[in-house]
Every structure is written in C-alpha cells, then in structure tokens.
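Please keep the sequence and the model in view while reading.

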Amino acid sequence: MVGKTFKALIEDAGRRDAYHVELAILQFTSDLYQLMKKRELNKAALARMLGTSPAYITKVFRGDANFTIESMVKLTSALNGQIHLHVAPQEHEVRWLDVRVGAPRTHVSISTVWAQKQHILSPAMKGGPADELEPAAA
C-alpha cells in the first residue's frame, strides 16, 4: 500500500462490498433522519413510537445497528414512510424521485436524487431539500 495515492485508495475501497454496505447505511440513515425532521420528531419520540430505547435510535443514526430489511421497514413505518429497494446493473445510473401523490404535475416535489455511479446530488438539486440532510451521526 506504500506509495498509493489517495485517489487510488478510494478507488480500491469502492471495489469492496464493505464500502457499498456503509454507503447504503449512510443513505438510509440520512433519509430516515430527514423524514424524522419532516415529521417534527426527535430521537426520543421515535424511540417511544417504536417501543425501544433512545440509545437504540442513537445507534441507528450512528450506523451501528444491525440493519435488516425488517428493522428498516419498522423504522420507516414508524415515521409513516415507506422503503424501496432496487437492483440495477452497475453501469446504470439510478435516480430516485419522490413525488407526492395527488400533487399537480406542475408542482412535483423532488426530495432526493441519488446518482448511483457518481454518489453526488444532481446540480439541479442545489439548495433543495436534499442539501438540508444532516450526517448519519447527527
């Protein structure tokens, strides 16, 4: 590893499953945190809704929880949200758009755009709700 550039180290990390697991956890916890704030709830309120401890919710937002699809659905459902999983070829760019049901087509609300290949928010989203996300550790 001696002599490798930072860019090479990042590229190497990007080829490991652990990198993609952590990225998925970061995305999930960021989205969950955004939904919690939208519902004007704090971690203690979310813990009460789930019948769990505030320490567990802190663990969730640190990314230290044992995430299963079941636990992710329970967390999301407690916030009156929904979870979606999607599998796509690696060479495809994936974009998620949240559209409020019943909203006029001229007033589409875009909350998140996720570019799978570049892991960046679309430039069109600058200043939008996605910029308000706080880190998963928040």
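## Basis of the report

The model is predicted: local features require a pLDDT of at least 70 and side-chain atom pairs a pLDDT of 80 or more, while totals for chains, interfaces and linings use all residues. Residues are numbered from 1 along each chain as its sequence is written, and side-chain values use heavy atoms, without hydrogens and water.

## Overall fold

The protein contains five helices and zero strands, in the order α-α-α-α-α from the N terminus. Helices are DSSP runs of H or I with at least four residues, strands are runs of E with at least two, and both are numbered from the N terminus.

Of the 138 residues, 27% are buried. Buried denotes under 20% relative accessible area, exposed over 50%, and partly exposed the range in between (1.4 Å probe, protein chains only).

## Helix α3

Helix α3 spans residues 43-50, and A45, L46 and A47 are buried in it. The buried residues of α3 pack against α2 (17-38), α4 (54-62) and α5 (69-78).

At the N-terminal end, N42 caps α3, with a side-chain oxygen 3.2 Å from the backbone nitrogen of A44. After α3 comes G51, which has a positive phi near 70 degrees.

## An exposed residue

Is I69 buried or exposed? I69, which is found in helix α5, is exposed, because its relative accessible area is 54%.

Terms used. Contact means heavy atoms within 4.5 Å. A polar contact is a pair of N or O atoms within 3.5 Å; within protein, one must be able to donate a hydrogen and the other to accept it, and residues adjacent in sequence count only if both atoms are side-chain atoms.
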